[in-house]
Amino acid sequence: MSERRRVATQIDIELRVACRMEAAARRELGDAARGLLRRRAYRRLGFVRLSDYARERLGVSARTVEEAAWVATRLDALPAVATAFDRSDISWTRARALCKVASPENAGHWLALARQSSVEDFARLVKTARAPRDVPADPDDDADQLDGEPALRLRFACPARLRALWRRALELASRAAGKPLSDWRAAEIIAAEGFSGRPAGASLGERALLASIRRAARERRSMDKGSVTDQPAAGDTAVIPGELAAVDAAVISEAPTATAPAITRPPLVPPTHADPFALDARLAAAARAIGTNEPQIGRLLRIVVGHRFYRLWGFPSVDAYVRERLGISTRKAWALLKLEKATLRSDAFARAYHDGTLPWARALALLPVVDRENAAAWVGRAETVTVRRLCDEVSWVLQARDTVGPDMSLDPPPLDSHLTFPIDAPPATRRLTMLSPGLHP
């Protein structure tokens, strides 16, 4: 065996074991989450929404918690599938697919198909099969679709000021909805609000062009007069509405091998009688286990991708290796790779992420602003404030950079300062507002 193949084999074994341990922690997360969701016990812990509890306490998304609870519930109803999963005969991806179509009567047949087929072929079989009656839908089903349509990632080249306007519009849309929104959900609200104020006989493009011309002329006049105000003239029409409070918030929704260890799970606490604080302790412990294994997966996966070790096992692409060999989603794998590459920017960020003190949600929030000089400050801020406040501060810093210019620092603002959004400040006072955010209401 060559040295390259020997190293690749060792990395592959460690990577599969790490993925298996992460899947076991996800199973434990689902076991505890069932009682939390059934009784909405997160409200007893001081959280109104599951999304707030999941991000602040566990560092994961609400969809991750719901999916884990769904899989754990279905595995209890399918003892044969649960046994195969605990023995590492099937991965989390295959177990989740089996939970959609298997029943106690035909679980053996579906298990045989899962072992004989690739993950991609088995997923196609599952899509064409009829689901058993009285089985709740998978919360994360069709993860690559939005409202039944294929999801696409679009990138637009735009000036820095337009990026600042977009971030401000996102902030207003999230405020109207009462919770953080993804870009595509916020875009639907912003578009609906814009079309609702469209005057008769004028296209939206003409309206935006006229408003841009009027605003540019207004700013030139204020600069010539030395004015420090930027009030719109009577009859002007804004491109993006100043307030979105009228939006109805009700329309806003929120391949293992024998080398992988078998899973020994502790006795389950009956979810219908479990104390909310005991459930919270179990969930937090499972989340810490996931947070410990995910950085290790990303670190090992970066080596596999960098040296193209996946080709030694006969896989033509990284996606095929991740699906078939590791049993995790490609979306998750590329997100872990993105975070792992970000750790090269700073030792402080790398230490906090690798030892689990910087959870997934907080690490992702810091990616746009962290660099070698300010990493320690941002990591300290992430350990001090809530995830929502951290996201607000990151958005404020990015908007300040887009509005004021590249000379604006990416360091975190003063702790507990009032974040005056720079796009709302008059042109003559924008830089002063950015330098002293707590002094300007």
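## A tour of the side-chain contacts

Start by selecting Leu366. Leaving aside residues up to four places away in sequence, Leu366 touches Phe349, Leu358, Trp378, Val379, Ala382, Leu390 and Val394. Contact here means heavy atoms within 4.5 Å.

Some ground rules before moving on. This is a predicted model, in which local features need pLDDT of at least 70 and side-chain atom pairs count only at pLDDT 80 or more, while totals for chains, interfaces and linings use all residues. Residues are numbered from 1 along each chain as its sequence is written, and side-chain values use heavy atoms, with hydrogens and water left out.

**The cores**

Now widen the selection around Leu366. Leu366 is among the residues with the most contacts inside the largest nonpolar core, together with Leu15, Leu301, Tyr321, Val322, Leu326 and Phe349. That core has 47 residues. A nonpolar core is a set of buried Ala, Val, Leu, Ile, Met, Phe, Trp, Tyr and Cys residues joined through side-chain atoms within 4.5 Å. Buried means under 20% relative accessible area, exposed over 50%, and partly exposed in between (1.4 Å probe, protein chains only).

Colour the helices next. Those supplying at least two residues each to this core include α1 (3-39), α11 (276-307), α12 (318-326) and α17 (387-404). Helices are DSSP runs (H or I, at least four residues), numbered from the N terminus.

Then jump to Trp92. It belongs to a second, separate core of 23 residues, which also includes Ala107, Leu111 and Ala114.

**Rings**

The model has four aromatic pairs. Rings of Phe, Tyr and Trp (its six-membered ring) pair if their centres lie within 6.5 Å; planes under 30 degrees apart count as stacked, over 60 as edge-to-face and the rest as tilted. Why is the pair of Phe85 and Trp92 edge-to-face? The planes of Phe85 and Trp92 stand at 65°, with the ring centres 6.0 Å apart, so the pair takes that label.

Go to Phe315 and Tyr321. This pair is also edge-to-face, at 5.7 Å centre to centre and 80° between the planes. Phe315 and Tyr321 are both buried.

Select Trp313 and Arg325. The charged end of Arg325 sits over the Trp313 ring, 4.7 Å from its centre. To count, NZ of Lys or CZ of Arg must be within 6 Å of the ring centre and within 35 degrees of the ring normal.

**Salt bridges**

How many salt bridges does the structure hold? There are 29. Each is a side-chain nitrogen of Lys or Arg within 4 Å of a carboxyl oxygen of Asp or Glu.

Select Glu324 and Arg94. Their side chains meet at 3.8 Å, N to O. Both residues are buried.

Move to Asp52 and Arg388, bridged at 3.4 Å, N to O. Asp52 is buried at 15% relative accessible area, whereas Arg388 is partly exposed at 31%.

Next, pick Asp121 and Arg124, bridged at 2.2 Å, N to O. Both lie in helix α7 (residues 119-128), three residues apart, so about one helical turn separates them. Asp121 is partly exposed at 36% relative accessibility, and so is Arg124 at 46%.

For a network, select Arg27, Asp31, Arg34, Asp76 and Asp86. Salt bridges with shared partners join these five residues.

**Cysteines**

Last stop: Cys19 and Cys391. Cys19 is buried at 4% relative accessibility; Cys391 is partly exposed at 29%. The whole structure has zero disulfides (pairs of cysteine sulfur atoms within 2.5 Å).
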